[in-house]
Amino acid sequence: MSHSPVIAVIDDDQAIREALEDLLSSLGYRALPFASAEDFLAFPGRSAVACMVVDVRMGGMTGLDLQAQLNAQGKPAPMIFMTSYTDQATRSKALAGGAHGFLEKPVDAEVLIGCLASALRHEAH
């Protein structure tokens, strides 16, 4: 199991973190939940993360703030954004920053699974 891709789930909603953790585990991934972008940035094992599923709006640092900071530090793992608040400007900014997906909540599990598989294939190249 240690060779399973590690997926960081960064969302301030505990129920969403737990649901995604269950889904990802059932697919054979290792899910690492974080309640905030700041918690993720403080995590010493970030280099092991193969992909991130990130909420756009969180208390404190937003998902877009996290993306900008990680981009400034180098090439981050692929990011898939989730949001309950869809607006074209936010979506455009996320995608322009290199987001691999931008999904509306409630996230369709099949869409997320496809997005993850694509992001991980992209990361392998």
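Predicted model: local features only at pLDDT ≥ 70, side-chain atom pairs only at ≥ 80, totals over all residues.
User: What makes the peptide bond from K105 to P106 cis?

Analyst: Its omega is near -5 degrees. Most peptide bonds are trans.

User: Why is C51 called buried, and why C115?

Analyst: Buried means under 20% relative accessible area. C51 is at 0%, so C51 counts as buried. C115 is at 12%, so C115 counts as buried too.

User: Why is the aromatic pair of F81 and F102 called tilted?

Analyst: The ring centres are 6.4 Å apart and the planes stand at 45 degrees. Rings pair if their centres lie within 6.5 Å, so 6.4 Å qualifies. Planes under 30 degrees apart would be stacked and over 60 edge-to-face, so 45 degrees leaves tilted. The structure holds three aromatic pairs, and ring pairs also link F34, F40 and F43 into a cluster.

User: What makes the pair of F81 and F102 a link between distant parts of the chain?

Analyst: F81 is in strand β4 (residues 79–83) and F102 in strand β5 (residues 101–104), 21 residues apart.

User: How do you know that F81 and F102 are buried?

Analyst: The cut-off is again under 20%. F81 has a relative accessible area of 0% and F102 has 10%, so both are buried.

User: What places R57 over the face of Y85?

Analyst: R57 lies 4.2 Å from the ring centre of Y85. The distance limit for a charge over a ring is 6 Å, so 4.2 Å meets that part of the definition.

User: Which residues touch the most other members of the largest nonpolar core?

Analyst: They are I10, F40, M52, V54, L66 and F81, out of 22 residues in that core. At least two core residues come from each of β1 (6–10), β2 (30–34), α2 (37–42), β3 (49–55), α3 (63–73) and β4. Leaving out residues up to four places away in sequence, V54 touches I10, G63, L66, M79, I80, F81 and M82. Another core lies apart from the largest one and has 18 residues, including L23, Y29, C51 and I80.

Conventions. Residues numbered from 1 in each chain as written. Heavy atoms only, no water. Buried < 20%, exposed > 50% of the residue type's maximum accessible area, 1.4 Å probe, protein only. Phe/Tyr/Trp six-rings, centres within 6.5 Å; stacked < 30°, edge-to-face > 60°. Helix = DSSP H or I, 4+ residues; strand = E, 2+ residues; numbered from the N terminus. Lys NZ or Arg CZ within 6 Å of the ring centre and 35° of its normal. Core = buried A, V, L, I, M, F, W, Y, C linked by side-chain atoms within 4.5 Å. Contact = heavy atoms within 4.5 Å.
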